[in-house]
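Hi,

Here is the structure I promised to pass on.

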Amino acid sequence: MATGRNHRPATRSRGIPEATVARLPLYLRALTALSERSVPTVSSEELAAAAGVNSAKLRKDFSYLGSYGTRGVGYDVEYLVYQISRELGLTQDWPVAIVGIGNLGAALANYGGFASRGFRVAALIDADPAMAGTPVAGIPVQHADDLDRIISENGVSIGVITTPPGAAQQVCDRLVAAGVTSILNFAPTVLSVPEGVDVRKVDLSIELQILAFHEQRKAGEEGVDTAPDPAAPPVRATTTGRKGPDGDMPAVMPA
């Protein structure tokens, strides 16, 4: 089976827009669910609704794949699953290394959905000497001192960073120097990478803040008084406060 180190997805060379690439996993998830129910064909309207997009956008996205469906019949589910999987590079084996085996890193290592989607957790790496040799999800944790060798021996091109923010950039630099060209960053910090290295950031705190914004708006629309008490003393954002797992936490989160 081909490894991710020597093969790259064809999306860029074929000129598929990044916005379309970002929606392909949504289509694939919906199509996989249909396939598991043995549904042979699906209309653009049905698939768009399942993926949470409009049908015109879906048809435009699929035109980049050269797939237009059949009028009155729709799209062949199994063929689309294969087509999108191939475009995303999921018909290959992608060895992944997770760096930072705390609660989040261990949870990702134990996630059973990677293998069925073309990703294989090939290595777990941590800077704590006490973790070395400890099995997590059946994989022994290896020390960060051996990161270069681990990446090379396992042919890893995708690295997952789940370290504290203060260590993330150093880990990123070492992964890139070892040959990693794609990084999924869970650390709450912005990483700097050279040209040719792709970074995707997952920041749970930002997502929660966005949800809080929408909850506040909904409360306002329902007539709930969310305005501050004019008699209350002003609250100022400060960068000094209690210690949190990611370092100093502001006493009041700034907007």
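This is a predicted model: local features need pLDDT of at least 70, side-chain atom pairs count only at pLDDT 80 or more; totals for chains, interfaces and linings use all residues.

Residues are numbered from 1 along each chain as its sequence is written, and side-chain values use heavy atoms, with hydrogens and water left out.

UniProt, in an unreviewed entry, lists residues 26–65 as "DNA-binding region"; its positions follow the numbering used here, the feature name is shortened, and the annotation may be inferred rather than shown by experiment. That stretch is 72% helix and 5% strand, with its end C-alpha atoms 15 Å apart. Helices (H or I, at least four residues) and strands (E, at least two) are DSSP runs, numbered from the N terminus.

Let me start with H1 (residues 18–36) and H2 (residues 44–51), which pack at about 110° with their axes 9 Å apart. Axes are lines fitted to C-alpha atoms, for helices over the stretch in contact, and angles run from 0 to 180 degrees between N-to-C directions. H1 and H2 are therefore roughly perpendicular (65 to 115 degrees). On the H1 side the contact (heavy atoms within 4.5 Å) uses Leu-26, Tyr-27, Ala-30, Leu-31 and Leu-34, and on the H2 side Leu-47, Ala-50 and Ala-51. These residues comprise eight nonpolar, no polar and no charged (Ala, Val, Leu, Ile, Met, Phe, Trp, Tyr, Cys and Pro count as nonpolar, Asp, Glu, Lys and Arg as charged, and the others, Gly among them, as polar).

H1 also packs against H3, at about 105° and with the axes 11 Å apart. Here Thr-20, Arg-23 and Tyr-27 of H1 touch Lys-57, Leu-58, Asp-61, Phe-62 and Tyr-64 of H3.

With H4 (residues 77–88), the H1 axis comes within 9 Å and crosses at roughly 145°. Among the residues that meet are Leu-24 and Leu-28 in H1 and Leu-80 and Ile-84 in H4. This contact divides into twelve nonpolar, three polar and two charged.

Finally, the aromatic pairs (ring centres of Phe, Tyr and Trp, its six-membered ring, within 6.5 Å) number three. The rings of Phe-62 and Tyr-75 have centres 5.1 Å apart and planes at 85°, so the pair is edge-to-face (planes over 60 degrees apart). Phe-62 lies in H3 (residues 55–64) and Tyr-75 in strand S2 (residues 75–76), so the pair ties together parts 13 residues apart in sequence.

Best wishes

Conventions: Angles under 35 degrees count as roughly parallel, over 145 as roughly antiparallel, 65 to 115 as roughly perpendicular and the rest as oblique. Rings of Phe, Tyr and Trp (its six-membered ring) pair if their centres lie within 6.5 Å; planes under 30 degrees apart count as stacked, over 60 as edge-to-face and the rest as tilted.
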